Amino acid sequence: MGTLVEPALLLLLWQSVWALDIPLEVRQPPTIIKQSMKEHIVDPKDTMVIECEAKGNPHPIFSWRRNGKYFNVARDSQASMRRRSGTLDIYAKNNPEQYEAEYQCIASNEYGSAYSNKIRLQLYRAPVWPREILEPVVVSAGLPLVLSCDPPPGPPKPETYWMSSSFPTMQAVRPDRRVSMGVNGDLYFSNVLINDSVADYCCNARFPYKNVIQQKMPVVVKVLTTRTVAEAAPTWLSPTGSSSSILVLQGEELLLECIAAGMPTPRITWTKDGEDLAVTSRMKVKNFNKMIQIPKASFDDVGEYTCAATNRLGYIEHTITVRVKAAPFWLEKPTDLILAPEENGRLVCRSDGAPRPTISWSINGEPIETADPQPNRQVSGDTLIFRSVSASNTAVYQCNASNQFGYLLANAFVNVLHATPRILGPRNELTKVIEGSHALLDCRYFGSPVPELRWSKYGQGNLEGNRFKTHSNGTLEIKRIRIEDQGTYLCIISNIAGRDENQVRIEVKEPIIIVTKPQSMKVMRGTDVRLECGVKADITTPVTTNWLKNKKISLDESNLVITNVNRGDEGNYTCVIKNELDQKSASAHLMVMDRPNPPTNLELSDPYERTVRLSWVPGDSNHSPITEYLVQYDDDDWLPGKWRNLSTYPGTLNSVILHLAPFSYYEFRVIAINEIGASRPSRPSTLNEIHVGCNLKGVGTWRNNMEISWEWNGPKLKYLVWWRRRDSREEWKNATTKWLKYYIYDADTFTPYELKVQAVNDFGMGPESPVVIGYSGEDRPIAAPLNLRVSDIESTQVTVHWDTVTRGSIMGELKEYKVYYWRDSSQLRWHWVNRAMKSKSFPDDVPEPSGTVTNLIPYSNYKMYIVVANNRYEGPPSNSIHFSTPEGVPSAPTSFRIQQRHLDSIYVDWDLPAEPNGIITGYSLKYQTGTGEELRVEEFPPNTTSFSIRRYDRYTRYRFSVAARTRLGLGEWHTEESPHYTTESNLLLSLCINTIGLVENKHFEVLNGCCLCVLVCLSVRSGPEEPRGEIPRYSYSDNCLLVGQKKTLEGIILRSDSDDSLVEYGEGGEIPFNEDGSFIGQYTGTRRDVRELDFGGSLELHSPMNTIYSLA
C-alpha cells in the first residue's frame, strides 16, 4: 500500500465537527440510529425482521429499496413497516424465497435523506444430509485413507467433527499423529491399522444458527491384513502437490494445514521464508504439528510457509504462499456538522484497506457528481470542503469506501442554522463532593455558531489551568478539590446570537477516616469479643455503620460485641462506614479455638490372632493442633457400653496396630485431644463386633443373591456356614465348604439375614462366630422424588427442596439423593452457553430435605431434575424444573489490544466479557503512565469498546485496565501495558523499511515511498551510534535499497484465544445442543463475534491499523 496523508497536516482553519448531541427540538436532517447487520440470516418460519430506526426533526419518513429498486411495502400483503419506524416485518407464509434479496432503508425529511447499509437477507434452511447407504470402505493395512464429510453448506458454515461407534458405546475420534480431522471436515488416516476396523465412523455437523446437530450415515471400514505391512515414503493427503496459496483478510482466522500419508507415520515440521518458524503468542501450532492457527491474521503473516513430512523412507515438502488483504476499515469517520451561515467546514472520510479503498460521496443518496453543483462545495480526495455555507448546503452526505473485499457506508449531515446559545439540562444544581476527589460540573450547551464557553467562580475571572480543566462538552473538571474550592461556579456561553449562563454550587465535605480499625483475633470458645471501628467524618454529613460477616449484613452498631463465641461466630467481619458521598471499610478475621471434632470413618483391617489395624479420618482441629488420640475398646458381649482405655497415640497418626487377646469380641472408638480439651468419642468401629480371625460379612452381588465371606487362618479347616432371615421364625439353614466364601441364591431383594460361621477340623468344631447381619443384593429404585422445587435463588447458587421416597421403593440402602442440572441458555438471547450436565449429591435423609447447588452462572436459565440412588443403581428421574439466576458482575473483557497508530498516540480496544453475567451497561477504563502519574478513569457506554490517547512524549509507557459493568457493579479488571520504543529514529527507520516491504512493485506510489524511505534512512544513519539493547541502526546499503525486504515493528499487540474440542453427539435429526455442542465428556468453546451483537445502534469494528500510516 502507498503512504497516506498525515491527518494533522490537513486544513487547520476549518470549523471543527460539533462534538455534542443536537437537541431533538432543533430542526435537523435524519440520522439512522439502528439497523440490521449487513449479512442478515432469518428463519422463514418466524417473522422476518429487518431493523431500521432513525431520528430527526421533523420525524423522518421511511422507505425501502430491494435489489436497488423501490420496494412498495404498502402493496405487499406479507410485509409491513412499524409505526414511526422503518423496521420491516415480513410474514412470508407463501413463497418466502422471493424475499431473499438485498435491502436498503432510507429515512427522509425536508432537510435530507439518510441511507442504511445494504442488508443482504438470507433464509435459514434446515440442513438435510442425504440419507444414503454408504458402502463399506475396504483398505489394506498400512495404506492411507480419507473419509469425506461434505456437510450441508449452511448458512452459516457448520462445524464438523467425527465419532466412532462400537456397540453399545460411541465416542469422539481422538486425533493423533496418524489420524487427523482436516479443515474441510474430512477424516484422514496417514496409514490404517487393523484396530481401525473395530468401529464405524460417522461425521457430525453442528449448525450454530439454530444450534442443532446433523449426523451423516455411518461408514464401515474393513482393513485387510497381510503377513507384513509394507512401508511407504511420505505423500501429501492435504494439500496436494508441491505448492499452494491462501488469501486471507486482515483480522480473519488463518489456518495452514499439512497432512501426509506414509508408513511409518511421517513427522511434520514448518519453516517460514526459509527459516525455522518462530511461534509467537498470536500463533498456535496444533494437531500434532500438522496445523498452524492464527486467529487474527495481519500483514506480518505474509510469506511462504513450508511444511516438510519425514519418515525413514523419504522426505517431501509443500510451500504455502500466504497473501493478506484487508476490507476497508475506518481511520476517520465523518460526523455531523453544525454551521452558522458564512462559516467554513469540512467532512473527512478517511479509511484504509488492501487494496486502498475508493472513496465516493453522495448527497441525500444521489452521487455528488450528478447532484446540483454548488460553488462553495468542493471534493478534495477523502475530504468534502464547504466555504461560506448557506441553508442550501443543509443535507445528509454519504461517504462510501469500498474495495473488492467489502465496503463502508457512513451518513453525516451538514445543518446550517442560526441558534441562540442555550444550556441543556438542569439548572442551579447543588453538588456535594469529598475533599481530595475530582469534581465534574456539567454545562452541556448548544448554539450556532459554536458558542464560546467560560467558567468562573462567583462570576469573576476565568478558570483554566492547574487543577481546572474545561472539556469540549462544557464540563469543568476540578482535580484534587479543596475546602477553599467550595462556592458558586458560573458557566457562561455566548455567540453573536446571544448568551446564556448557569450556576452550579459546590459543597466540599471532609472524607471519612477510620481511626480505629478492627483487629483480627484468635480466641477460645466461650469468651467475649469486642470489635471496634472508630471514625472521623464531616460533622454536617451523618454517617452510618454496618457490620458484615462474610459479606452479609449482621449488625448496625459502631462497635460489635459478641458474647460467648462459638464456632458459628468464626469468619471475616467488616465494618462499613458510609454517608451520602463516601464509604470506607475495614476488616478483621475472628478465629475461634475449640475442642477438636471427633474422628470419623473408623475402619478395621489386617486382622490376626493378636493384632488388628485401626484407621480413622481426623476431625477438624478447630485451630488448636491435635496432640494425641485415645483409643478405647469394649469387649463385653453381655454388658455392652463399658468402654475402657486401650492406649494413646501421637496426634500425627491416624492408623495404628492394636494388640489384642485372641478369640475375643471387640469394638473400638477414638477420642481426639488438643490443648482446649477432648473431643466427643467417635462412632464405634464399622464392624460392631470383631472376632479376631473371622471378619464375617454378607454382601449381595446381584438382586437375588448374597455372598457370605470370612477370614480364617489354620491348617485343614472346613467351615460350617449358617444363615436365616432376620426377625423370622424360620430355622437356621447351613452348608459346609472348604472355601472362604459361600453363595446363597433365590434371596429377596435387599433382605437382612443373620449369619454365623464356625471352623471344623479333624478334632471337631470350633466356637461359633458372633451373629452378624448381611444383606442380599440391591435392585434399581422404583420411585422418583416428588415436588422438586427451588428457593433463595441467587446469582451463583440456589436452594433445592424435594419430597423423600419411601424406604421400600429404594430397593436397597439409601446412598444419596442426586440432583442433575445444566445451563440451558443465557438470558442474553445472543449468548451461547455450555449445556454440559452437572450433578451434586445430598446424602442426608431427613423429613424435609434440602441442599444448596453452587457455582452457577448469573443471568442464566437452568433445568434440573433429581433421582434417588442406592449403592448400586440410580432410580428414575423426577419432574424437570426450570429456574433463572439473577444478574451478577461480568467477567473481564476479552481480547484487550493496545496499538500505536501514530507516533504520538495510543489506541486501545477490547471485546465483550466471555461471561457478561447480565446486561452490560458500560465499561470503565483506568490508565496511568509507568512513572506513576495520577490515575485517570474513563467511563464508556456499552457500545463503545475503544479509546485513544495522545501521549505526552513518544517514549512514555502506559498501563491500562478495563472492566465491564452491569447494574450490580463492575466486574473483573483486565490489565495490559503498552509496548516500549527506545528512540524516535529507530521507530521511524523500522516504519520506513516496513513501508517499502508492503508496497507492491506495480503501484505508482512505490517511487514516492522509496524516496521518502531513502531520505529517512540517510538521516537516521547520520545520527549517533545506538546504545546496546535497542533497535539496531540500518545502513543505506543494507536496507534502504532492499525494497522487497520486510522488517516488522512490534508496535501492535494482538491477543486472542481459541478453544478446540468436540461438540455433543445426538442420535440424528435436529437436536439442540450446548453453546459448544459438548457431550459424552467432550467440550468445545466458541466465542461469539462482537459484530453479531446489537446494542441499540450501529456498532462499528475497528480493524488494526498498520503503523506505517503515522509517517504519512
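A residue is taken as buried under 20% relative accessible area, as exposed over 50%, and as partly exposed in between. The structure described here is a predicted model. By this scale, 47% of the 1112 residues of the protein count as buried. The accessible surface of the protein comes to about 55,700 Å², and carbon and sulfur atoms account for 49% of that area.

The secondary structure consists of four helices and 89 strands. Among the contacts in the protein with a separation of 6 or more, 66% are made by residues 24 or more positions apart.

The structure holds 40 salt bridges. One of them is formed by the side chains of Glu159 and Arg206, with an N to O distance of 3.2 Å. Glu159 belongs to strand β14 (residues 159-166) and Arg206 to strand β18 (residues 200-207), so this pair ties together parts that are 47 residues apart in sequence. The two partners fall into separate accessibility classes: Glu159 has a relative accessible area of 27% and is therefore partly exposed, whereas Arg206, with a relative accessible area of 0%, is buried.

A second salt bridge links the side chains of Glu874 and Lys818, at 3.3 Å from N to O. This pair also connects distant parts of the chain, 56 residues apart. Glu874 is located in the loop between β78 (860-869) and β79 (881-884), and Lys818 lies in strand β75 (residues 816-826). The relative accessible area of Glu874 is 26%, which means that this residue is partly exposed. Lys818 is buried, because its relative accessible area of 16% is under the 20% cut-off.

Glu501 and Arg499 form a further salt bridge, in which the closest N and O atoms are 3.3 Å apart. Glu501 is partly exposed at 32% relative accessibility, and Arg499 is partly exposed at 49%. The value for Arg499 does not pass the limit for exposed residues, because that class requires over 50%. Salt bridges also occur as a network, in which Lys296, Arg897, Asp909 and Asp911 are linked.

Strand pairing was examined for strand β39 (residues 406-416). Eight of the eleven residues of β39 are buried, so the strand is largely enclosed by the rest of the structure. Strand β38 (residues 395-403) pairs with β39 in the antiparallel sense, over nine bridges. In this pairing, Ala395 has Val414 of β39 as its bridge partner. Strand β31 (residues 337-339) runs parallel to β39 and is joined to it by three bridges. Here the bridge partner of Ile338 is Asn415 in β39.

An open sheet is formed by three strands in the order β23-β28-β27, with antiparallel pairing. Its edge strands are β23 (254-257) and β27 (284-286), each of which pairs on one side only. On average, neighbouring strands of this sheet are turned by 20 degrees against each other, direction ignored. Four bridges connect β23 with strand β28 (residues 291-294) in the antiparallel sense. Within this pairing, the bridge partner of Leu256 is Ile292 in β28.

How values were computed: Residues numbered from 1 in each chain as written. Predicted model: local features only at pLDDT ≥ 70, side-chain atom pairs only at ≥ 80, totals over all residues. Heavy atoms only, no water. Salt bridge = Lys/Arg side-chain N within 4 Å of Asp/Glu carboxyl O. Helix = DSSP H or I, 4+ residues; strand = E, 2+ residues; numbered from the N terminus. Buried < 20%, exposed > 50% of the residue type's maximum accessible area, 1.4 Å probe, protein only. Pairing = 2+ DSSP bridges. Contact = heavy atoms within 4.5 Å. Areas by Shrake-Rupley, 256 points an atom, 1.4 Å probe, with all protein chains shown as cover. Axes fitted to C-alpha atoms, helices over the stretch in contact; angles between N-to-C directions.
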